[in-house]
Amino acid sequence: MGRWEGAREVLAATGADWDRRVFRLQVLARAGARLTFADTWAQAEPRSPNALALLAHVQALRSMAGGRGRGRSEAMEQAWELCDAAADALPADPSPYIVMLALLRFHSPDRDRADPRLEQLRAELARRREDLHTHVARLRAGLPDRLAIQAGHADFTRTNLLVQEDAITAILDVQGETCLPAWELGRAAFDPRTVTNNPSWMRCALRLIESYRAKNPGLPLTDVRASARIALLYMLFGFYGATTSEYGLPTAAAVDLQQHWAEHQVTIHRLLSGLDEVESALDTIRRSQ
């Protein structure tokens, strides 16, 4: 069977109700894994976000037919590429990222004895899936309608800073790409290593943001307030460091990457629980300037 018009109507009627969309995609995918309507729809409308999202779900289920814990396969790679395409076609849709998490959890090689991190990683991925499903729509709804755009570093993180005592002596790898200054500000202010390891992380972040605002008064105050929310969303959609074997890293570098992942998990949940307090403090900055 290759009829797909019904699926198109169902998903079009769902709109931006993301919870309902995820549920309907999962139901349709269970049928589509055995049939061909998702494939023919994507062929007929290759740029349709709905068609791509459905086919990503379908291909993920097909990739799981070979069994759990077997690592990468051609079917898994196809599902992953479809998730990327669906995310690009409709960035507000969390469903491609939920499928990616499911792929990681299902296909990770079953090395419980060799890798004591595996069960912890599975639990972390399950929690991330729940966080994406629960919080993304709410967080996005609180963003300004417009955000300032300008040339920026595009990777302004501690790994690209050279520091001597208390002074930054050099900034490396300046890419000069167009980006959101609120995104760069949020990444710098809520650096996961600081949030994880410094009990005064919130005060440090607010001091940095206040100093940045004093030196860059042209950045809209709405963008300043949104910086924490943007940083949180950015981390929620990041999976770098969840696994390390594919990079072929030396042991020390692999351990550092695992720490990177762990610090992001802590930072995500501290920001989720403290976001109201952070944004109230940022409102104080707004009122004082």
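Trainee: Of the contacts in the chain with a separation of 6 or more, what share comes from residues 24 or more positions apart?
Mentor: Keep in mind that this is a predicted model. Counting contacts in the chain with a separation of 6 or more, residues 24 or more positions apart account for 70%.

Trainee: How many helices and strands are there, and what is the radius of gyration?
Mentor: The chain has twelve helices and four strands. For 289 residues the globule rule gives 19 Å, and the chain comes close to that, so it is as compact as a globular protein of that length. Its C-alpha trace spans about 65 × 45 × 35 Å along the principal axes. The radius of gyration is 21 Å.

Trainee: What percentage of the residues in the chain is buried?
Mentor: Buried here means under 20% relative accessible area. Of the 289 residues in the chain, the buried ones make up 44%.

Trainee: How far apart are the centres of the positive and negative side chains?
Mentor: There are 35 positive and 36 negative side chains in the chain. The centres of those two sets are separated by 4 Å.

Trainee: Which helices do the buried residues of H3 pack against?
Mentor: Start with who is buried in H3, residues 37–44: Phe37, Ala38, Asp39, Trp41 and Ala42. Leucine 54 touches Phe37, Ala38 and Trp41, among others. The partners of the buried H3 residues are helices H1, H2 and H4.

Trainee: Is glutamine 59 buried or exposed?
Mentor: Glutamine 59 lies in helix H4, and it touches Ala75, Gln78, Ala79 and Leu82, leaving out residues up to four places away in sequence. Its relative accessible area is 10%, and the cut-off is under 20%, so glutamine 59 is buried.

Trainee: Why is helix H8 described as largely enclosed, and what does it pack against?
Mentor: Eight of the nine residues in H8 are buried, so the rest of the structure largely encloses it. Those buried residues include Trp183, Glu184 and Arg187. They pack against strands E1 and E4 and helices H10 and H11.

Trainee: How far is leucine 221 from aspartate 283, C-alpha atom to C-alpha atom?
Mentor: Leucine 221 sits in helix H11 and is partly exposed, at 22% relative accessible area. Along the chain, leucine 221 and aspartate 283 are 62 residues apart. Their C-alpha atoms are separated by 8.7 Å.

Trainee: And what is the C-alpha distance in space between glutamate 210 and leucine 282?
Mentor: Glutamate 210 is in helix H10 and counts as partly exposed, with 39% relative accessibility. In sequence, glutamate 210 and leucine 282 are 72 residues apart. In space, C-alpha to C-alpha, the distance is 8.4 Å.

How values were computed. Residues are numbered from 1 along each chain as its sequence is written. This is a predicted model: local features need pLDDT of at least 70, side-chain atom pairs count only at pLDDT 80 or more; totals for chains, interfaces and linings use all residues. Side-chain values use heavy atoms; hydrogens and water are left out. Buried means under 20% relative accessible area, exposed over 50%, partly exposed in between (1.4 Å probe, protein chains only). Helices (H or I, at least four residues) and strands (E, at least two) are DSSP runs, numbered from the N terminus. Contact means heavy atoms within 4.5 Å. The radius of gyration is taken over C-alpha atoms; the globule rule is 2.2 Å times the number of residues to the power 0.38. Lys and Arg count as positive and Asp and Glu as negative; His and the chain ends are not counted. The place of a charge is taken as NZ of Lys, CZ of Arg, CG of Asp or CD of Glu.
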